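Please work through the exercises below with the sequence and the model side by side. Try each task before reading its solution.

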Amino acid sequence: MKLQDSSLLREQAYVDGQWVGCPSLPVFDPATGSRIASVPSLQREDVKHAIRCAGAAFCSWSRLLAGERAGFLRLWIDLIRKNKEDLAFLITCEQGKPLSESRDEVDYGVSFLEFYAEEAKRLYGETIPPFRRSSRIVVTKEPLGVVAAITPWNFPMAMITRKIAPALAAGCTVVCKPAIETPLTALALVALAERAGIPPGVFNVVTGDAVQIGIELTANPLVKLIAFTGSTAVGKLLMNQSASSVKRLLLELGGNAPFIIFPDADIDSALSGVMFSKYRNMGQTCISSNRIYVHEDIYELFLERLSYEVSKLKVGSGGLEGVDQGPLISQSALIRLEQQIKSSVDQGAQIVKGGCRHSLGGTFFEPTVLRDVRDEMRIACEEIFGPVAPVLCFSDEADVIARANATRSGLAAYIYSCNLSRCWRMAEELEFGMVGINEGRLSTELAPFGGTKESGIGREGSRYGIEDYVNLKYMLFGGLSH
Ligand code: ADP
């Protein structure tokens, strides 16, 4: 591993300010399939201990002033910035995305720390006009307590900071379980947090068997919130498991984003929107366009232009200069993608571009475009999570809205049209938590990210994204005399 600071490669978990456990679970580079490091498989007792320590640390961390906590976060931010190249390198090594995207992820990840370090100073309460002359009503916001963060592999850093930043800034303490595919970025981040002087117990990272750790995190009464990004299936499981201790849940689950292009759209801009929303991170994001609805008047033209753009994508190891598409995360992801394509082709979809494993081998897959896709095909019903663009045809606005909404997911949707009335109308009609209007890049720390229906509960980012980390307290002051 060519890290400038080799001490950022950690093969132990971090609990209560200590590096613990013996490396036993291998972490692989998806570009080569080779083992790059190993991390410990902590047992349930270890996780219980981590939660207990986070509970103990909460007593002092929550009592600091918001500005004091922001001071720690700022030191951490500075260290992350200084070590940006190493963090980006680690992300690419364990996740596979091109280095340029990993650098963007570090910036995006830091943006949440910056935002919430300041936002916690604005966790305003309220006074409410009383119902009795001798009383006063005051509402304050108090940090929840210990938060469990369970994060996915597709954004090894940003999905952590999007949860940790509001949690720590508000005064909560955290036990984080990163994805087993990508724990190294999480461990490097916590190594930098340690250097920044963030006190022991405030931010713990545990690695190991997801099921066992998940059982402890959801059952333990000290944990007050499960903040999770991942699949809808696991989200539902965590909801069930959390019922026994009535935990709050913040869930960012799967999507099935429609991307709707009208004939009056600026085609160049729609194309660049599709290219970004579909092929960034090899299509492995929950807001990736999953069903590209193109109006019949521009269907052929759009397909031709899309295929040309896709043919220019350079596939290769994410660490190489000029690469646009890295490998998929795993063999199972590759096989699932092949099955989705095969099933659609069996039902009449046609491959316009790609469609096969890439000649580089491993988990590399050709960037793909499918035409004549219909709503009932598997590829349009399931989240794809790969570099495959299914293009569907539509003719009527009301019809495309109904088709776009006919899914149990409700995360992101995209509309391209130059008709402002249509854009407003459609944005209001689409049953999704986020709508990009002539815009394919939605993610920012400034806006609330999250979904409706089975895409999740709660929001991350913006002032809304700290609300899940606090309890409201209503205080009634009585017997006041004048
Ligand atoms: P994906 O299919 O994209 O890997 P998952 O929902 O399986 O998405 O994984 C997201 C996160 O949830 C990862 O950190 C993973 O280890 C964790 N996870 C998976 N299964 C469980 C479980 N039963 N309990 C707790 N966490 C889990």
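The model is predicted, so local features need pLDDT of at least 70 and side-chain atom pairs count only at pLDDT 80 or more, while totals for chains, interfaces and linings use all residues. Residues are numbered from 1 along each chain as its sequence is written, and side-chain values use heavy atoms, with hydrogens and water left out.

**Exercise 1. Find which residues form salt bridges with Asp5 and Glu467, and say where the partners lie in the chain.**

Step 1. A salt bridge is a side-chain nitrogen of Lys or Arg within 4 Å of a carboxyl oxygen of Asp or Glu, and the structure holds 31 of them.

Step 2. Asp5 is bridged to Arg195, with the closest N and O atoms 3.0 Å apart. This pair links distant parts of the chain, since Asp5 sits in the segment before strand 1 (13–15) and Arg195 in helix 6 (residues 183–195), 190 residues apart. Helices (H or I, at least four residues) and strands (E, at least two) are DSSP runs, numbered from the N terminus.

Step 3. Glu467 is bridged to Lys141, again with 3.0 Å between the closest N and O atoms. Here 326 residues separate the partners, Glu467 being in the loop between strand 21 (456–457) and strand 22 (470–477), and Lys141 in strand 6 (residues 136–143).

Step 4. Glu467, at 34% relative accessibility, is partly exposed, and Lys141 is partly exposed at 25%; buried means under 20% relative accessible area, exposed over 50%, and partly exposed in between (1.4 Å probe, protein chains only).

**Exercise 2. Describe the seven-strand sheet and the helices that lie across its strands.**

Step 1. The seven strands form an open sheet in the order 14-15-16-13-12-18-19, with mixed pairing. At its edges are strand 14 (350–353) and strand 19 (434–437), each of which pairs on one side only.

Step 2. Strand 12 (residues 257–261) and strand 13 (residues 289–295) run parallel and are joined by five bridges, and Phe259 has Ile292 in strand 13 as its bridge partner.

Step 3. Helix 9 (residues 267–279) lies across several strands, including strand 12, to which it runs at about 165 degrees. Helix 13 (residues 397–405) lies across strand 12, strand 13 and strand 16, at about 170 degrees to strand 13. Contact means heavy atoms within 4.5 Å; axes are lines fitted to C-alpha atoms, for helices over the stretch in contact, and angles run from 0 to 180 degrees between N-to-C directions.

**Exercise 3. Decide what surrounds Glu445.**

Step 1. Glu445 is placed in the loop between strand 19 and strand 20 (452–453).

Step 2. Not counting residues up to four places away in sequence, Glu445 touches Tyr108, Ser111, Phe112, Phe115, Gly461 and Ser462.

How values were computed: Pairing = 2+ DSSP bridges.
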